[in-house]
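Trainee: Could you walk me through this structure bit by bit? I'm new to this, so please spell out the terms as we go.

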Amino acid sequence: MLGEPEWDVAVIGAGPAGLAAAQAAASEGARVVVLERAEHPRYKTCGGGLLGSSLRLSTERLATVPVRDTITSLTFTLAGGREFTRTASEPLVSLVRRDEFDLAWCEAAEKAGAVVRSNSQVRALSQDADGVTVTLADGSAVTARVAIGADGSAGITSRHVGVVFEQQDLGLEVELAATAEDRERWRGRVLLDWGPFPGSYGWVFPKEDELTVGVIMEKGHGADTKRYLRDFVEQLGLSDRTVLRDSGHLTRCRAETSPVRAGRILVAGDAAGLLEPWTREGISYAIRSGLWAGEVAAKNQDLSAYDLKVTTELQPEMVAGRRLLGVFARHPSIVHTAMSSSLGWRAFSGFCRGDFSMAGALGRPTVRTALRLLGSRPVQVQPAAV
């Protein structure tokens, strides 16, 4: 690289991870540019559920969090049957539409001083000891001291860093127009269905005049995933609703030893394969990793501090999630029954509120014993590559 880089931090991708990174870095006084291939607001396939931790972080950073519904009740079913509902005294999950949520983060990043460039498709990356050069589709180049990749698990930054994905799942969703009866029926309530295939589950998320209905299961079973969604919608009595959008997406979860940085290029959120393996929840991981990446990049000091943050704070939760996914895949009926118990409900509602640690719970002797009896073996956490 010849001369002084134009920017301190270049962020590639303007979803929650990238915009959180941009907002954090700009708030620290860094010169920040965000390169986004589309233009906000834009539709994004996503359930749009904010756990308590995501809502708290968003409330601290955004002028307004565009919540469409606040959930206090969860209905559980097992392959469409054995229905029961639990209600909490405090909010469990907040539901947003991703176009509105991402736009709010975009406005917050710009308010902090970041420059957001829409319709900027990244084609190549290179780096040396002084910085990173980002080449765009039009042939122009952007130079920065540090780059943060937040362009998804199939993006160019993930490949450049060498992220290794251990778990891949296919999610299918439909956005349905909600009738007046639907709004009354679903307001304040989410349904989770433990599905008919190992590790699968479905959901109904109400968002005022729309219902997001989706299912997810291991990649490689496309026909089964489509059938599950079709049958699920029919069981819910929603087959005649107008389909506003239907879409699919892959979620990819990183291997424990996978890197989250290569030199001066950091990856966050989906680009790093950071998500909860059992529920496949990714927004909380995107926001947290994005904020950490932005803060570390703005300081332009030891970038390995970001690797350490991911390893110590997110990796234990992901290891715990993998163990729970294994138990759920083998024993969905037991998991369903557990949700109806006081202990199971306290744990799951605590997870939703963001004040319960799966890793901490799995460290308890009684829980470890129960998991061993269910055929789950503890996993030795390995340090991520630095």
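Trainee: Which residues is F101 in contact with, if we leave aside its neighbours within four places in sequence?

Mentor: With those neighbours left aside, F101 is in contact with P16, L50, S58, L62, V65, P66, V96, I283 and I287, where contact means heavy atoms within 4.5 Å. Keep in mind that this is a predicted model, in which local features need pLDDT of at least 70 and side-chain atom pairs count only at pLDDT 80 or more, while totals for chains, interfaces and linings use all residues. Residues are numbered from 1 along each chain as its sequence is written, and side-chain values use heavy atoms, with hydrogens and water left out.

Trainee: And which residues touch the most other members of the largest nonpolar core?

Mentor: That core has 70 residues, and V32, F101, V134 and Y306 touch the most other members. A nonpolar core is a set of buried Ala, Val, Leu, Ile, Met, Phe, Trp, Tyr and Cys residues joined through side-chain atoms within 4.5 Å, and buried means under 20% relative accessible area, exposed over 50%, and partly exposed in between, with a 1.4 Å probe and protein chains only. Helix 7 (residues 283–299) gives the largest share of this core, nine residues. Another core, of 28 residues, lies apart from it and has V93, W194, A320 and F348 among its members.

Trainee: What counts as a helix or a strand here?

Mentor: Both are DSSP runs numbered from the N terminus, with helices being H or I over at least four residues and strands being E over at least two.

Trainee: OK, which residues of helix 2 are buried?

Mentor: In helix 2 (residues 52–61), the buried ones are G52, S53, S54 and S58, and they pack against strand 3 (49–50), helix 3 (98–112), helix 7 and helix 10.

Trainee: What about helix 10, which residues are buried there?

Mentor: Helix 10 covers residues 342–353, and its buried residues are G344, W345, F348, S349, G350, F351 and C352. Just after this helix, G354 takes a positive phi of about 85°.

Trainee: Switching to sheets, what is the strand order in the open sheet of three strands?

Mentor: The order is 3-7-4, with antiparallel pairing; two strands pair if DSSP finds at least two bridges between them. Strand 3 and strand 4 (67–71) are at the edges with a single partner strand each, so one side of each has no neighbour in the sheet. Strand 3 pairs with strand 7 (residues 93–96) over two bridges, and L50 stands opposite S94 there.

Trainee: How many strands form the open sheet with mixed pairing?

Mentor: Seven strands form it, in the order 6-5-13-14-15-12-16, and its edge strands are strand 6 (81–87) and strand 16 (243–254), each pairing on one side only. Strand 12 (residues 165–177) and strand 16 are antiparallel over 11 bridges, with G171 opposite H249.

Trainee: Which helix packs on that sheet and touches strand 12?

Mentor: Helix 8 (residues 304–330) does, and it also touches strand 13 (189–194), strand 14 (201–207) and strand 16.

Trainee: Last topic: how many disulfides are there?

Mentor: The count is zero, where a disulfide is a pair of cysteine sulfur atoms within 2.5 Å. For C46, the nearest cysteine sulfur is that of C352, 15 Å away.

Trainee: Is C46 buried or exposed?

Mentor: C46 is buried, with a relative accessible area of 15%, and C352 is also buried, at 4%.

Definitions and conventions:
Axes fitted to C-alpha atoms, helices over the stretch in contact; angles between N-to-C directions. Expected span 1.5 Å × (residues − 1).
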